[in-house]
Amino acid sequence: MSRNQAPKSLWSTLPPEILLEIISEINHVSRINLAIANPEIFLRSTFNVFEQDAWSQVDRRQKNGPLIETRETWPLIYTAIENNTNIQIIARILKTYVSVYPSSIDGVWGEGLIALPPPIVFAAGLGKPQIVSLLLEEGADPARHCGTQFFAPPPEDEFECTLRGFNHARCEPLGDDRSDISRYITVLRAAVTRAVQIDSPGSIEHQEAEECALILHRKGLPRNPGRQLIDPIRAQFDRYVMAAVDRLVTLNQGGQPTMAFNIILYHALEAACKYQRRDNDRTIIEYLVNIGAPLIHPTSENRYKLISTGAYDLASRGHVETAVFLLNRYADQGVLLDYAAFELVSGEHMLAYLQAFYRLMSQPKQSYGGVAASRKYLHGLLLRRAMNAFQKPAIRWLVEQGVGVGSREHIHHAISIGNKIALQALVEAGHVVNGMADLYGDKRSPLERALIRGEFDTVIFLISKGGDAALVREETKKMLLIEYGKQFPTIPYVESKKMVTPAMLRPEFFTIDDLPRRMAMFHYVIG
């Protein structure tokens, strides 16, 4: 007998109660490793570590406690799953458990409660697709679920259930809450939670979590995937979502899409927009739109959709390219929009965003604040937004669309906010430079408005374009004479007339804002 054989021979002669006492002193990982390394001692017919563990769970259930709350007390199968134990060993543990108690494969001994998720939920929550497949093959119930204390649940609120915190097959709502019960952890939600926690789409860990969901899908689960799309969308399970929706499309073939089907697609698209992480990741959004997901809620036909929702929400988060994609789809489908709350955005995609709005506003039957609005009014509104944001490319592009975009009011608005770029673009596009307008109860010519504001470089520009001094009121001219004394204190106004020639009072003289032209400006206006 060799030196190595002698100790093993002695171990095999120890009574089971002694062996049980010995292994109870070591942790779960060491127990499993010891059994794997010495099967002839710890996995024999007269003493099997896995079988002993299973019977201890039965005993706990029969005594109605204590609850399993720590790693030191949970069944070995959970340690094996968590620590990447060989799949064949896990299969052996499962078979041993089932031989002791058939329902143990679902993590429930009898009808008693256990404060642990079912093994299949636990495996999915760790992103272990091979183990999920194994458990399904061995007969695990994929419909089992548990409370949310084992996971950080994706739902933003938590459903209250009398069995919350325990592994159970059906929720029992508290009070009168009989709404659709979805806020517990299922196999699918456990996989979703794993993906949300690692927050690394495209990584191996993320792919494995999604594979757990796909395994369920290949088994035809969940039975009603349309009601369980939001969480996978949040987790960016693109492959799963497309497979699940494709199944819904197949089931819906042979007739017109039902209202229920369209509502599912609408909420899926809404979730895809809400949970989009990067602007250039539009896989699910484009997929849903291309298969016909409604852009407005199916029950709100012929009602205006406030532009403050949907695409604008995306743009406000900086996802402008995706917002442009949706705005163009709105235009393609003739969606009725209300523009009472929209704003423009800044950044490199600003012009494309504005152009998409222009295209939408060019269509009939649009509105503002619930009232029908003309194309000219909406285009003017768009120009005003661009002017307020001082977006030079947007202003120039809009003005280039023709005199239909802009009005004398825009000329005055440009002066009132000091937007010289907009003023120049509007005047050069042919808008009337001497048009009177009532701005906030103050009716003046553009030239006089610029004088009142003291924007003398703007005054010189307007004169160069034919600004009419005759439209300036006498009280304004008197104010301007006082301003002359401040700017030229050493040269009396009467004396300065000798310095201004007739040629200096022609519009073509006012090409730049310098000292001679500034003096000529006072004489051009005052006379």
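This is a predicted model: local features need pLDDT of at least 70, side-chain atom pairs count only at pLDDT 80 or more; totals for chains, interfaces and linings use all residues.
Close-up 1. Leucine 43 touches Ala35, Asn38, Asn48, Val49, Phe50 and Arg92, leaving aside residues up to four places away in sequence. Leucine 43 lies in strand 1, which covers residues 43-44. The relative accessible area of leucine 43 is 10%, so this residue counts as buried, the cut-off being under 20%.

**Close-up 2. Packing of helix 5 against helix 7.** Helix 5 (residues 49-62) and helix 7 (residues 87-100) have axes 9 Å apart, at an angle of about 45°. Helix 5 is therefore oblique to helix 7. The crossing of the two helices is right-handed. Helix 5 contributes Phe50, Glu51, Asp53, Ala54, Trp55 and Val58 to the contact, and helix 7 contributes Ile89, Ile93, Thr96, Tyr97 and Val100. By class, the residues of this contact are eight nonpolar, one polar and two charged.

**Close-up 3. Packing of helix 19 against helix 21.** Helix 19 spans residues 375-388 and helix 21 spans residues 408-416. Their axes come within 11 Å and cross at roughly 15°. Helix 19 is therefore roughly parallel to helix 21, since angles under 35 degrees are classed that way. Helix 19 and helix 21 cross in a right-handed sense. On the helix 19 side, the contact involves Gly380, Leu383, Arg384, Met387 and Asn388; on the helix 21 side, His410, His413 and Ala414. The contact of helix 19 with helix 21 comprises three nonpolar, four polar and one charged residues.

Conventions. Residues are numbered from 1 along each chain as its sequence is written. Side-chain values use heavy atoms; hydrogens and water are left out. Axes are lines fitted to C-alpha atoms, for helices over the stretch in contact, and angles run from 0 to 180 degrees between N-to-C directions. Helices (H or I, at least four residues) and strands (E, at least two) are DSSP runs, numbered from the N terminus. Angles under 35 degrees count as roughly parallel, over 145 as roughly antiparallel, 65 to 115 as roughly perpendicular and the rest as oblique. A crossing is left-handed if the near helix is turned anticlockwise from the far one by less than a right angle, and right-handed if clockwise. Contact means heavy atoms within 4.5 Å. Ala, Val, Leu, Ile, Met, Phe, Trp, Tyr, Cys and Pro count as nonpolar, Asp, Glu, Lys and Arg as charged, and the others, Gly among them, as polar. Buried means under 20% relative accessible area, exposed over 50%, partly exposed in between (1.4 Å probe, protein chains only).
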